[in-house]
Amino acid sequence: MPVRPALRDAAYDYVIVGAGSAGCVLANRLSADPAARVLLLEAGPRDWHPFIHMPAGLAKLVGMKGVNWNYDTAPEPQLDGRTLWWPRGRVLGGSSSINAMCYVRGVPGDYDSWATSGATGWEWEAVLPYFRRSEGNSRGGDALHGGDGPLSVSDLRHVNPLTHAFVEAGVEAGLPANGDFNGPTQEGVGAYQVTQRDGARCSSAVAYLAPARQRPNLDVVTGALASRITFDVAPGGAPRANGVVYAAGGRAFHQHATREVLVCGGAINSPQLLMLSGIGPADALRGQRIDVVVDAAGVGGNLQDHLDICTLHHTAPGVSYDRLSDARIAFDYFLRGRTGPGSSNVAEGGGFVRSPLAPDARPDIQLHFVPAMLDDHGRRRLPGDGFTLHACFLRPRSRGRVSLASNRASDKPRIAAGYLSDPEGFDLQMMVECARLSRRIIAQPAFDPWRGAPIFPVRDDLDDAGLEAFVRAKAETVYHPVGTCRMGSDDASVVDPWLRVRGVDGLRVVDASVMPTLPGGNTNAPTVMIAERAADLILGR
């Protein structure tokens with residue numbers, strides 16, 4: 001897929017910053033009008049690497065710095081002062097090119113709560129058509145699913161025996177079996193449907209960008225790091241975004257946009273770019289010697305993420321993925337029709353559980369089962385064979401912030417996730433509940449043929465105090481940061497329900513950063529939905 005450079009003298013109607021889950025959608029939908037000129041800027045490279053497209057290759061992408069922003073949080077006070085690693089996609093397709101491909105939308109109450117909080121027009125009945133528009137489910141379409149959308153969704157071609165044992169153990173623990181977490185009911189255990197097409201990853205770059213690449217009115221520039229949005233300032237009027245300053249190939253460019261600048265960098269990069277452009281907390285911007293365009297205290301705030309605790313056990317040799325030969329995986333996958341473990345998303349099994357502490361009818365714990373040992377995001381290899389059960393609390397009350405470390409786009413921003421910082425301590429209670437639930441499932445008879453010695457935690461008899469210490473020592477992100485450019489109807493929100501940045505004209509943010517609160521599940525499908533709806537809002541439909 002060749003990438004044409006932007007022409008310095010070209011007049012673009014729309015300049016999109018970030019070719020991730022949302023940016024690729026916008027590039028497709030806006031360039032469908034042949035009269036509209038669209039420029040898509042991406043800081044990372046093309047999605048050429050075969051590990052991106054072979055689903056199980058995600059295990060190899062962990063250490064591939066060229067496609068990852070490789071962020072780290074500041075030391076987290078409630079997690080023993082640990083600095084947590086936050087991988088985010090820096091490649092065409094963004095995080096949809098490096099994630100585990102689980103297709104999950106959340107539940108209707110998630111979106112109804114957005115609308116109630118001030119995100120007018122984003123209730124479930126309004127967003128469901130956009131989920132259906134985007135989805136191409138291999139099972140076909142129905143009232144809740146799309147059958148012919150660009151984003152291919154399918155059942156896994158390969159499921160490990162340990163994953164089947166996990167589902168059986170969940171049922172033995174009292175959870176219902178569930179073959180569709182996006183169906184009428186989310187609660188239960190089963191195998192995930194995944195964003196794959198014919199056994200290969202279907203990122204937003206594959207689903208949306210590739211079909212539009214030959215349009216003469218769409219240009220894509222990779223290796224393009226945006227540093228600033230520029231504005232026209234008319235006397236007595238609001239500043240209007242007129243373009244983007246970016247660097248590519250060792251040169252600097254200022255590309256004009258005649259209609260709108262669309263920021264699609266995600267929960268970290270979007271607030272960073274707004275602040276570098278003078279939109280953010282005024283005192284903090286002045287402290288970085290940035291001229292203030294709009295004093296917007298909310299930019300970078302409201303940071304939310306799903307904190308995740310992993311329970312690991314050894315298992316009998318020969319069944320897990322820990323010691324599979326890379327050559328054998330590649331042989332089966334590439335020479336036998338994309339079959340075998342290479343087609344696995346690794347996080348094969350899952351579940352949604354309503355805990356005894358849940359304040360409403362929505363499930364509040366999510367499970368991901370991995371038939372391999374996963375410590376420190378897979379960056380630390382453990383000896384032997386084993387399996388991992390992830391559990392995260394879906395609706396954390398803790399909030400963090402993204403702030404600037406300098407006034408240079410090349411410097412990573414400061415991420416203070418604020419995990420477990422809610423004053424009531426409810427998030428910690430829920431993380432202990434997550435650890436308890438994981439141990440209860442692993443203790444079921446279905447795991448008897450497979451269950452070996454515990455790895456993390458090292459003992460099976462920990463009390464609540466021991467589990468709290470385990471959470472503080474081992475909990476990590478499950479890769480769902482949102483909320484830093486919050487959408488709402490109040491003056492403190494960063495964008496309005498049309499995703500327009502408050503205080504300026506011609507500028508929108510379209511990505512997971514606009515979510516007022518986390519949805520109940522993985523965030524890729526909701527981000528694609530946001531971009532689908534944003535395209536209609538931009539076009540006045």
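Tyr 111, Trp 114, Trp 124 and Phe 131 form one aromatic cluster. The structure is a predicted model, in which local features need pLDDT of at least 70 and side-chain atom pairs count only at pLDDT 80 or more, while totals for chains, interfaces and linings use all residues. Residues are numbered from 1 along each chain as its sequence is written, and side-chain values use heavy atoms, with hydrogens and water left out.

In total, the structure contains 15 aromatic pairs (rings of Phe, Tyr and Trp, the last by its six-membered ring, with centres within 6.5 Å; planes under 30 degrees apart are stacked, over 60 edge-to-face, and the rest tilted). Tyr 333 and Phe 334 make an edge-to-face pair, because their planes stand at 90°, with ring centres 5.0 Å apart. Tyr 333 is buried at a relative accessible area of 2%, whereas Phe 334 is partly exposed at 47%.

Aromatic rings also face charged groups. The charged end of Arg 533 is placed over the ring of Trp 122, 4.5 Å from its centre (the criterion being NZ of Lys or CZ of Arg within 6 Å of the ring centre and within 35 degrees of the ring normal). Arg 379 lies over the face of Trp 85, at 4.2 Å from the ring centre. Arg 379 also forms a salt bridge with Asp 376, with closest N and O atoms 3.1 Å apart. Both partners are partly exposed, Asp 376 at 28% and Arg 379 at 42% relative accessibility.

Side chains of opposite charge can pair when their charged atoms come close. The count comes to 28 salt bridges (a side-chain nitrogen of Lys or Arg within 4 Å of a carboxyl oxygen of Asp or Glu). In one of these, Arg 133 pairs with Asp 536, the closest N and O atoms being 3.1 Å apart. Arg 133 belongs to helix H5 (residues 124-134) and Asp 536 to helix H13 (residues 524-538), so the bridge ties together parts 403 residues apart in sequence (helices are DSSP runs of H or I with at least four residues, strands runs of E with at least two, numbered from the N terminus). Arg 133 is partly exposed at 32%, while Asp 536 is buried at 5% relative accessibility. Asp 536 also meets Arg 541 in a salt bridge of 2.9 Å, N to O, and Arg 541 is exposed at 61%. Through shared partners, salt bridges join Arg 29, Arg 133, Glu 532, Asp 536 and Arg 541 into one network.

The second largest pocket holds about 260 Å³ of space. A pocket is an open set of points, on a 1 Å grid over the protein atoms alone, where a 1.4 Å probe fits, with protein on both sides within 12 Å along at least five of seven lines; lining residues have an atom within 4 Å of a point. Of its 16 lining residues, Arg 362, Leu 394, Arg 395, Pro 396 and Thr 517 are the closest to the centre of the second largest pocket.

Key: Points joined across faces, edges and corners; volume = space filled by probe spheres on them. Buried < 20%, exposed > 50% of the residue type's maximum accessible area, 1.4 Å probe, protein only.
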